[in-house]
Amino acid sequence: MAKAPFKVVLSGDFKKADGSPTFPDFDISPLLDQPGLDCRFLERVDEIRAEQMADVDALILLTSRFTKNSIHPNGRLAMVARFGVGYDSVDVQACTAAGIAVVITPDGVRRPVAVAILTFMLALSGRMMVKDLITRDGPAGWAKKSDHMGVGLIGRTLGSVGIGNIGAEMFRMAMPLDMKFIAHDPYANVEVARSLGIELVTLDEVFRRADFVTVNCPLSDSTRHLVNAERLALMRPTAFLINTARGPIVDQKALTKALQERRIAGAGLDVLDKEPPDADDPILKLDNVIFAPHALCWTDQCFAGIGACDVRAALDLMQGKEPTGVVNKEVLASPVWRKRLESFR
Ligand SMILES: NC(=O)c1ccc[n+]([C@@H]2O[C@H](COP(=O)([O-])OP(=O)(O)OC[C@H]3O[C@@H](n4cnc5c(N)ncnc54)[C@H](O)[C@@H]3O)[C@@H](O)[C@H]2O)c1
């Protein structure tokens with residue numbers, strides 16, 4: 001009997017209501033062109049339904065939820081690949097129990113988010129937003145230009161809470177700026193820190209010493225409100241906070257107060273406590289903050305890169321190779337998974 005084609009499906013939200021692609025830079029042609037591979041889009045649903053998974057080997061998932069109810073009892077599905085690095089929409093425990101690998105795409109976001117952090121740092125240090133405003137004001141605005149002196153970066157200290165995928169890349173990209181690098185990470189890869197010239201310090205020291213405190217750790221019970229009133233009070237009045245990680249890592253009320261009282265120089269925020277924020281949120285009224293709607297890293301290359309990671313994961317799986325970016329690594333040792341991988345070879 002001929003072998004059934006390897007089947008990859010994409011969640012329905014990869015297409016807009018008019019049928020056009022949500023992310024035109026996500027190139028699925030390697031899947032469409034692969035002999036022996038059948039690639040389809042699912043109907044758009046909030047939560048993936050088990051019957052949609054009956055004859056599927058790999059699912060590429062945008063925003064739909066994948067819960068224990070999404071798992072078909074026939075045990076065919078081998079991989080759920082998220083389009084991005086967040087996976088709170090996936091019941092990882094249920095996937096692990098069913099021998100399904102959950103895959104994310106750190107290779108796709110590393111450079112784009114690191115660039116976003118540097119964009120904030122350069123815009124804040126150069127007083128870019130206010131200079132844009134006064135320029136538009138004509139002669140009266142131009143007359144104010146010496147009121148908005150920027151901050152040179154040479155010898156200044158770039159600090160990070162976390163030096164994983166993105167934090168390390170940020171430092172790597174900042175190397176030509178001749179800054180001092182400090183970071184706190186309880187699980188730091190000491191070799192990476194050493195090779196990038198990063199001094200590993202205590203958490204409070206990052207806040208005390210950095211001219212730019214950047215947040216590059218995951219949101220968890222232990223990092224929620226890690227940037228609180230006490231830590232903000234440690235920062236210098238000339239220092240800036242940059243958060244591209246997750247909003248709730250910062251106590252936003254405390255940050256708003258520190259910024260209102262000019263106890264720190266400013267902030268660059270890609271992420272907020274509530275997204276989208278209420279239009280009357282006081283933080284939105286502040287002139288010492290630059291915002292982005294959780295999208296500063298969104299570029300053609302970002303989505304192309306994320307998509308390429310998921311495509312590679314599906315093709316690897318099809319050839320019986322372990323995909324990269326597996327979150328629930330314990331699944332890789334399970335007999336169900338090993339048997340499945342074997343059957344693809
Ligand atoms: N703005 C965006 O569009 C966007 C896109 C992708 C990722 N992110 C966010 O960026 C953050 C970093 O992502 P990543 O890919 O580098 O993750 P990662 O897991 O590779 O690195 C996170 C690092 O934080 C460290 N860490 C954990 N707890 C810590 C603590 N209490 N103090 C200091 N460090 C701690 C970990 O040891 C790890 O080295 C995450 O919050 C992620 O959700 C945002």
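## Around the ligand

In this predicted model, the ligand is surrounded by 23 residues. The closest of them are Asn 165, Ile 166, Asp 185, Cys 217 and Thr 244. If you are looking for the place where the ligand sits, go to the largest pocket.

At Ile 166, a backbone N or O atom lies 2.8 Å from an oxygen atom of the ligand. Asp 185 takes part through its side chain instead: an N or O atom there is 2.6 Å from an oxygen atom of the ligand. At Thr 244, a polar backbone atom is 2.8 Å from a nitrogen atom of the ligand.

How much of the ligand's accessible area does the protein cover? On its own, the ligand has 870 Å² of accessible area, and the protein covers 81% of that.

## A look at Gln 252

Now let us turn to Gln 252, which belongs to helix α10, a helix made of residues 252-260. Is Gln 252 buried or exposed? Its relative accessible area is 9%, so Gln 252 counts as buried, given that buried means under 20%.

The side chain of Gln 252 reaches to the backbone nitrogen of Asp 273, at 2.7 Å.

Terms used. Residues numbered from 1 in each chain as written. Predicted model: local features only at pLDDT ≥ 70, side-chain atom pairs only at ≥ 80, totals over all residues. Heavy atoms only, no water. Helix = DSSP H or I, 4+ residues; strand = E, 2+ residues; numbered from the N terminus. Buried < 20%, exposed > 50% of the residue type's maximum accessible area, 1.4 Å probe, protein only. Polar contact = N/O pair within 3.5 Å; in protein donor to acceptor, adjacent residues only side chain to side chain. Near = heavy atom within 4 Å. Areas by Shrake-Rupley, 256 points an atom, 1.4 Å probe, with all protein chains shown as cover. 1 Å grid on protein atoms, 1.4 Å probe; cavity = no way out; pocket = protein on both sides within 12 Å on 5 of 7 lines; lining within 4 Å. Sits in = over half its atoms within 2 Å of the grid points.
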